[in-house]
Amino acid sequence: MQLGLIGLGKMGGNMAERLKLGGHQVVGFDFNAEAVAKLTAGGNVGASSLEELAKKLTGRRAIWIMVPQGDPVDQTIARLIPHLSKGDILIDGGNSNYKDSMRRHAELTAQGFCFVDVGTSGGVWGLKEGYSLMIGGDEEPVKFLTPIFEALAPAKDRGWGRVGPAGAGHFVKMVHNGIEYGMMQAFAEGFTILEKKEQLDLNLPQIAEIWRHGSVVRSWLLDLTAEALKQNPNLDGLEAYVSDSGEGRWTVFEAIDLNVSAPVITESLIRRIRSREENNFTDRMLSIMRNAFGGHAVVKGK
C-alpha cells in the first residue's frame with residue numbers, strides 16, 4: 001500500500017523506514033531537502049513539493065501529516081486540497097489539540113474528503129519497538145488504513161485501535177501524555193531523594209537496574225531511565241530546564257472543565273514550567289516572607 005508522508009524529521013523518517021520494512025511504499029515530502037534525499041536513498045520515493053507528492057500517489061490517496069500542531073497543519077491541508085480527489089484521506093499523526101481535529105474532520109467531510117486523527121506514541125524507539133496508535137475518525141477510512149496501522153504498531157493485533165470518532169485519537173493521546181508527565185515527575189523525585197541520602201552512598205544506576213526486574217514500578221520508562229543513568233550517573237552537563245509540548249496543559253484544562261481532580265498531572269506540569277525560571281522570583285518571595293515573619297536567614301546572590 002502507498003502512503004504519502006509529510007514531515008520527515010526523526011520520527012517521520014523512522015516511520016517511513018518501518019513502513020518500507022512492512023512492504024509499503026512511502027512518498028515523502030519535507031522542506032528539508034536532505035531529509036527527502038535520505039528517504040529516497042532508503043528506497044522510498046521523494047517529492048519536491050506537496051503538489052508533486054499528491055501527483056505521485058496512485059489510486060485513493062492517503063496522506064499522513066507529521067508537522068507541528070496548529071497553523072502548520074491547517075496550512076498543509078489547505079495546500080493539499082486542490083490536488084486531491086473526493087474520498088482521499090488526510091491523517092494528522094502529530095500532537096494536535098483534539099478540538100482542532102474535530103473541526104478539521106467537519107470541514108473536510110463537508111468537502112467530500114476523509115480525516116483521521118492518530119495520537120502517535122513511541123518517539124525515537126518506534127522504528128524498533130513499533131508505535132502506539134490511538135485513532136479517531138470514521139470507521140470506513142480507518143478500516144481502509146488498517147494495513148498501515150498494522151505495519152506501524154508493535155504487532156498487527158496490539159498497540160493500535162480506533163478509540164472513537166473524530167478527535168478521540170488526539171484526546172486519548174493528550175491524556176496519555178498527561179499521565180506520562182506524572183510518571184516522569186514521580187521517578188525524578190524518587191531518584192532525587194535517593195541521591196540526597198549521601199550517608200548511604202547509594203548507587204542510582206544499580207538501584208534502577210534492580211527495580212527493572214520484578215518490582216511494581218518496572219516499566220519501559222524505568223528501562224530508559226536506567227540506561228540514561230548508566231551512561232551519565234551524575235547527570236553531568238545537563239541544565240535543569242524541562243520543556244513541554246502542550247498536551248500536559250490541555251490535559252489539565254480538560255480536567256478543570258470536567259471537574260476532575262488531577263493534582264499529580266497538574267503539579268508535574270507546574271514543575272516543568274518552574275524549571276525554566278532563572279533566579280526564580282517565587283522562591284525569592286518565599287525566602288523574604290520567611291525572613292519577615294520568622295527572622296529566618298536568607299541566602300543572597302553574588
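How many of the 302 residues of the chain count as buried? The share is 40%, where buried means under 20% relative accessible area, exposed over 50% and partly exposed in between, with a 1.4 Å probe and protein chains only. This is a predicted model, in which local features need pLDDT of at least 70 and side-chain atom pairs count only at pLDDT 80 or more, while totals for chains, interfaces and linings use all residues. Residues are numbered from 1 along each chain as its sequence is written, and side-chain values use heavy atoms, leaving out hydrogens and water.

View 1. Helices (H or I, at least four residues) and strands (E, at least two) are DSSP runs numbered from the N terminus. The C-alpha trace spans about 75 × 40 × 35 Å along its principal axes. Of the contacts between residues at least 6 apart in sequence, 64% join residues at least 24 apart; contact means heavy atoms within 4.5 Å.

**View 2. The open sheet of eight strands.** The strand order is β3-β2-β1-β4-β5-β6-β7-β8, and the pairing is mixed; two strands pair if DSSP finds at least two bridges between them. At the edges lie β3 (45-46) and β8 (160-164), each of which pairs on one side only. Strands β1 (residues 2-6) and β4 (residues 62-65) run parallel and are joined by three bridges. In this pair, G4 stands opposite I63 of β4. Helix α9 packs on the sheet and touches β5 (89-92), β6 (114-121), β7 (132-136) and β8. The direction of α9 makes about 15° with that of β6; axes are lines fitted to C-alpha atoms, for helices over the stretch in contact, and angles run from 0 to 180 degrees between N-to-C directions.

**View 3. V27 in strand β2 (residues 25-29).** V27 has 1% relative accessibility and therefore counts as buried. Not counting residues up to four places away in sequence, V27 touches Q2, L3, G4, L5, V45, A47, L53, K56 and L57.

**View 4. N14 in helix α1 (residues 10-21).** The relative accessibility of N14 is 9%, so N14 counts as buried. Its contacts, leaving aside neighbours within four places in sequence, are V124, L127 and Y131.

**View 5. Helix α9 (residues 168-196) against helix α13 (residues 263-274).** The two helices pack at an angle of about 70°, with their axes 8 Å apart. They are therefore roughly perpendicular to each other; angles under 35 degrees count as roughly parallel, over 145 as roughly antiparallel, 65 to 115 as roughly perpendicular and the rest as oblique. From α9 the contact takes G178, I179, Y181, G182, M184 and Q185, and from α13 it takes V264, I265, S268, L269, R271 and R272. By class, these are six nonpolar, four polar and two charged residues. Ala, Val, Leu, Ile, Met, Phe, Trp, Tyr, Cys and Pro count as nonpolar, Asp, Glu, Lys and Arg as charged, and the others, Gly among them, as polar.

**View 6. Helix α4 (residues 71-80) beside helix α5 (residues 98-110).** Here the angle is about 10° and the axes are 12 Å apart, which means that α4 is roughly parallel to α5. V73, D74 and I77 of α4 meet R103, R104 and L108 of α5. The contact has three nonpolar, no polar and three charged residues.

View 7. The C-alpha atoms of G295 and V27 are separated by 68 Å.
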